[in-house]
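Here is my note on the model you sent. Please read it with the structure open beside you.

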Amino acid sequence: MGLRDLMLGAYERRLAASLRQQPLPRHVGVMLDGNRRWAKANGANTVQGHQAGADNISPLLEWCQEAGVEVVTLWLLSTDNLNRPPKS
């Protein structure tokens, strides 16, 4: 387990503790955005960036379920991306 995993675990525990003190929403909406930016910042290509984003959907949904969120809406595509040049 690396430092990043330890930090992420600590953050998750802190966030979960703070959520217990607040009323939880029944519905959460998430726009899945930033895969290209993540890929570029991490020396990966666009496909790898989208795969990394997709790999995080299941943990997000599991976390929402554990927190008691009843409905999660995921937006996967911005219409802005429909006009994006193929190589960007």
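1. Terms for the helix packing. Axes are lines fitted to C-alpha atoms, for helices over the stretch in contact, and angles between N-to-C directions run from 0 to 180 degrees. Helices (H or I, at least four residues) and strands (E, at least two) are DSSP runs, numbered from the N terminus.

2. Basis of the model. This is a predicted model: local features need pLDDT of at least 70, side-chain atom pairs count only at pLDDT 80 or more, and totals for chains, interfaces and linings use all residues. Numbering starts from 1 along each chain as its sequence is written, and side-chain values use heavy atoms, with hydrogens and water left out.

3. Helix 3 against helix 4. Helix 3 (residues 46-55) packs on helix 4 (residues 57-67) at an angle of about 20 degrees, and their axes are 4 Å apart. The two helices are therefore roughly parallel to each other. The cut-offs: under 35 degrees is roughly parallel, over 145 roughly antiparallel, 65 to 115 roughly perpendicular, and the rest oblique. Helix 3 supplies Gly53, Ala54 and Asp55 to the contact, while helix 4 supplies Ile57, Ser58 and Pro59. Contact means heavy atoms within 4.5 Å.

4. Asn35 is found in helix 2 (residues 35-41). Is Asn35 buried or exposed? Asn35 counts as buried, because its relative accessibility is 19% and the limit for buried is under 20% relative accessible area (exposed is over 50%, partly exposed in between; 1.4 Å probe, protein chains only). Not counting residues up to four places away in sequence, Asn35 touches Gly49, His50 and Gly53. Gln51 also belongs to helix 3. Its relative accessible area is 44%, so Gln51 is partly exposed. From C-alpha to C-alpha, Gln51 and Asn35 are 8.4 Å apart in space, and 16 residues apart in sequence.

5. Salt bridges. How many salt bridges does a search of the whole structure find? There are two. The criterion is a side-chain nitrogen of Lys or Arg within 4 Å of a carboxyl oxygen of Asp or Glu. As background, side chains of opposite charge can pair when their charged atoms come close.

6. Glu70 with Arg26. These side chains meet in a salt bridge at 3.2 Å, N to O. The pair links distant parts of the chain, 44 residues apart: Glu70 sits in the loop between helix 4 and strand 2 (71-75), and Arg26 in the loop between helix 1 and strand 1 (27-31). Glu70 is exposed at 55% relative accessible area. Arg26 is exposed too, at 60%.

7. Asp33 with Arg37. In this salt bridge the closest N and O atoms are 3.3 Å apart. Asp33 is exposed, with 55% relative accessible area. Arg37 counts as exposed at 57%.

8. Gly29. This residue lies in strand 1. At 45% relative accessibility, Gly29 counts as partly exposed. Leaving aside neighbours within four places in sequence, Gly29 is in contact with Thr73 and Trp75. Gly29 and Asp55 are 18 Å apart in space, C-alpha to C-alpha, and 26 residues apart in sequence.

9. Surface patch. Leu3, Leu6 and Met7 make a nonpolar surface patch of about 340 Å². Patch residues have over 30% relative accessible area and no salt bridge; like charges are joined within 9 Å, nonpolar side chains (Val, Leu, Ile, Met, Phe, Trp, Tyr) within 5 Å. Accessible areas come from the Shrake-Rupley method with a 1.4 Å probe, and for residues only the protein chains shown count as cover. Leu3 is found in helix 1 (residues 3-19). Leu3 is exposed, at 63% relative accessible area.
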